[in-house]
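The sequence and the structure come first.

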Amino acid sequence: MSCFSDIRYVLLISIIGFVCACKQTNDSFLEADRKVDFNENWNFYLASNSQDSISESTNWTQLNLPHDWSIEGEFNETNPANLGGGYLPGGLGWYKKTFQVKDSTKLTFIEFDGVYLNSEVWINGQYLGKRPNGYISFEYNLTPYLKYNNQENEILVKVDNSQQPNSRWYSGSGIYRNVWLKTVNKLHVANWGTFITTPQVTKDLANVSLEIALQNNNPVSKETIVRTTILDEETQVSVTEISASINQNESKTISQKLQVENPKFWSVETPKLYTAYTEILVNNKVVDAYSTPFGIRTFEFHLEKGFLLNGEQVKIKGVCLHHDLGPLGTAVNRRAVERQLEIMKNMGVNGIRTSHNPPTPELLDLCDQMGFIVMDESFDMWNNTKTEFDYANDWDKWHKKDLEDFIKRDRNHPSIFIWSVGNEIQEQWNEQGVETTKMLKAIVRKLDTTRPITVAMNPPVNMPSTDVTTQFDASKVYLNPVAASGELDVIGYNYAHQTFPFHQKNFPNTPFIATETTSGLQTRGYYDKKSDTLKRWPVRWDLPFDGGNPGNTVSAYDQVSTPWGSTHEETWKIVKKYDFLSGMYIWTGFDYIGEPTPYVWPSRSSYFGVVDLAGFPKDVYYMYQSEWTDKDVLHVFPHWNWEAGETVDVWAYYNNADEVELFINEKSFGIKKKENDDLHVVWRVPFEAGTLKAVSRKNGEVVLEKELKTAGEAATFQLSSDRASISADGKDLAFITVDIVDNEGNFVPTASNQLNFSVEGEGKLVGVANGDPTNHESFKGNTHKALNGKCLVVVQATKKVGEIKLSVTSEGIKSNSINIAVK
Ligand code: GAL
């Protein structure tokens, strides 16, 4: 390198350094103050039936948001939310908060990410409005009613979730998502005011197009310069400016075009994000700044090749998720959502369906960052109700506004690839459904033309019977009117896996997505013998179920599904086989509260999850891991604590190997290999206490060895935290697994001891769960039974640096404790 180019190099570095330094100053000056966390120090009052208003004598409790009051309630068979709501209470609650506002030259908004249900808001006694939808994000302009100069303002929120049932799953109640206070210049970027698309993308160049909605609330017109910089981390990759004049009280949309050379693509493995940093300048001074993270990628749902991402075939290996976070209820916590996604990623999942409602914004941010293919879904019903008091009652008045806001809020997320405008809508069976589909499609299209629109239909083609073992008669086809209308960009199948192979014949012009599959049923750690009997529970969706196991358990061998669904293996075998099947979203990734199919009370949460309500994987998790990841997998089950002489089916899920050999106390029970489309191998063996060992081999070399030992009596606990240290931010969580072990440290797979928890130091206990769908102990208590040897404790950091100590005791066994650093 010549001396000259050396100097140029140094100069360039200093210029970039200078640009970055300015950017940081501007960022921290404007953007950090623009939208601040408004969750702390609220007062809450849960009204009783006789008293739904507030007065001077109301007894308020102080708390921080997000908050779900239902999760603190008691399970009761008579609670009107019924089985759908997990038999937890609803009710009517009030929230209020006082605060001061300094800058009267600016506009102040309050932004709610979601309030369940029917929220109404007042500022200083002035009514701001009502928002019935429990999942939609919305804001109010507080400015005209605010008091300044060190005076207190009071915001009051009424939340009415008393009319039940209004949901088919546990909804939670309250201000269960984050609340923000937004302070902006009178000339500013409107709420969800940017829209980024990448109309042309090649390996060498991406054209980036940006629409910016500006709002001028000044009493005079303004001359402004709008400058957008595309940043790759801190590095500027492209910049453009445009001047505009904007009248008083005018909204105006500005378009900008930028280019990114040699773009780094967003993908599932490398979810590369860029930021479009938009500054609004008046007289050379930045008056507003707005960051929009985005991704550059191409995709297509293809008639033959399925889903193509950046030109490459990617099978969508997705899961449906409801929004509760197990023992935390629906109160959003970013770390809890992140943990769910980590557990899914580790299983090989690459897709999330936000069933069946607009998700919390944190979920989408995390999907952008972690690489998931999201189907973003808006509604579970249109005009016709599914439960008496559900959103169908608000449909006429609200669906347009709600759908528009949902699309505007979410359309910049690179992780979103499909809009679903409905799940199993009753009107799919008639012409009204076609009209509504057209109307909703038009609303979405106006706001986003870059993604396909689907409806999750059950099913799009006729099924001869609700019994999945019946063959689909491809010669007698009846398409449901919405599917047949030609209005959908992708045909969304809920179930009906036997019809999947005939998709191209039935819908020659429209690609395929399995919006929802499987509905397999399992309780973690329970096993029915024999494992090869297939069960469809209940017999039919509309008939009461009088079968099942004592204690409302379901076998964790993959042998039970609903009659409309199919086992995990049945489903994946078909989706795997055909390229044109773009992918599937399993019902569900995690168990959720409510919908305890096939049972009713005392069961109160679902059996559908691949992972239980506490976050512990069921065995079938490893079937997926063996199929959906490259990591070496060998998972052997069930446990090894049976009666002498009992016959036990031992299954193994494995990959990256040719065979697995099974040993009991060092005696071989033979080598097994997966044949044809097998997804597991199985041995039927007599139980003998001791050691069960499986060895997987490839070309004669050992790949993995797994051992299970017959455990003795419960003696103590092993405690492990998902992270050794957490942040002292008052929000971060440690998820601590309690494993009950015997004297020699062997896991006791049948233990159900009553455990007691106490927390000292810089943390508090915020949730306990064991994954048992029938347990009625509080998720918020400090005692809980173990289920099949395991229990989860969730601890939240305070804002002080230090240490948290969790101690676990149980009668008759040795206590143990664990420390977590709070940094
Ligand atoms: C589907 C429905 C889901 C859930 C599931 C249970 O039909 O879309 O919300 O109810 O059944 O199997």
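## Ligand site

The model is predicted. Twelve residues are named around the ligand: Arg168, His356, Asn423, Glu424, Asn494, Tyr495, Glu516, Ser519, Trp564, Trp587, Glu595 and Phe608.

For Glu424, the separation between a polar side-chain atom and an oxygen atom of the ligand is 2.5 Å. Glu595 has a side-chain N or O atom that is likewise 2.5 Å from an oxygen atom of the ligand, and for Glu516 the corresponding distance is 3.0 Å. On its own the ligand has 310 Å² of accessible area, of which the protein covers 94%.

## A four-stranded sheet

An open sheet is built from four strands, in the order E38-E40-E44-E42, with antiparallel pairing. Strand E38 (716–721) and strand E42 (763–769) are the edge strands; each has a single partner strand, so one side of each is left without a neighbour in the sheet. From one strand to the next the twist averages 25 degrees.

E42 is joined to strand E44 (residues 790–797) by six bridges, and the two run antiparallel. In this pairing, Ala769 has Leu792 of E44 as its bridge partner. The sheet also carries a helix: H2 (residues 334–347) lies across strand E40 (733–741) and E44, at about 55 degrees to E40.

## Helix H8 and its packing

Which residues of helix H8 (residues 568–577) are buried? They are His568, Glu569, Thr571, Trp572, Ile574 and Val575. The elements that these buried residues pack against are strand E21 (316–320), E27, strand E30 (581–587), helix H9 (621–628) and strand E32 (647–654).

## A hairpin

Strand E33 (residues 659–664) pairs with strand E34 (residues 667–672) over four bridges, in the antiparallel sense. Within the pair, Phe663 is opposite Ser668 in E34. The two strands make a hairpin with two residues between them, and Asn665 in the turn has a positive phi of about 45 degrees.

## Two buried loop residues

Thr523 belongs to the loop between strand E27 (512–518) and strand E28 (535–536). Its relative accessibility is 2%, so Thr523 counts as buried. Leaving aside residues up to four places away in sequence, Thr523 touches Asn552, Thr553, Val554, Ala556, Tyr607, Pro773 and Leu787.

Val332 sits in the loop between E21 and H2. With a relative accessible area of 10%, Val332 is buried, because the cut-off for that class is under 20%. Its contacts, again without residues up to four places away in sequence, are Pro66, Tyr176, Arg177, Asn178, Leu325, Thr360 and Glu362. Val332 and Ser221 are separated by 111 residues in sequence, and their C-alpha atoms are 41 Å apart.

## Backbone exceptions

Most residues other than glycine have a negative phi, and most peptide bonds are trans. The residues below depart from one or the other pattern.

Two peptide bonds are cis. One joins Asn458 and Pro459, with omega about -25 degrees; Pro459 is in the loop between strand E25 (453–457) and helix H6 (481–484). The other joins Lys529 and Lys530, with omega about 5 degrees, and Lys530 is in the loop between E27 and E28. Thr523 also belongs to that loop.

Two asparagines in loops have positive phi. Asn124, with phi near 45 degrees, lies between strand E6 (119–123) and strand E7 (126–131). Is Asn124 buried or partly exposed? Its relative accessible area is 25%, so Asn124 is partly exposed. Asn284 has a phi of about 70 degrees and lies in the loop between strand E16 (274–282) and strand E17 (285–294). At 74% relative accessibility, Asn284 is exposed.

Definitions and conventions
Residues numbered from 1 in each chain as written. Predicted model: local features only at pLDDT ≥ 70, side-chain atom pairs only at ≥ 80, totals over all residues. Heavy atoms only, no water. Pairing = 2+ DSSP bridges. Axes fitted to C-alpha atoms, helices over the stretch in contact; angles between N-to-C directions. Contact = heavy atoms within 4.5 Å. Near = heavy atom within 4 Å. Polar contact = N/O pair within 3.5 Å; in protein donor to acceptor, adjacent residues only side chain to side chain. Areas by Shrake-Rupley, 256 points an atom, 1.4 Å probe, with all protein chains shown as cover. Buried < 20%, exposed > 50% of the residue type's maximum accessible area, 1.4 Å probe, protein only.
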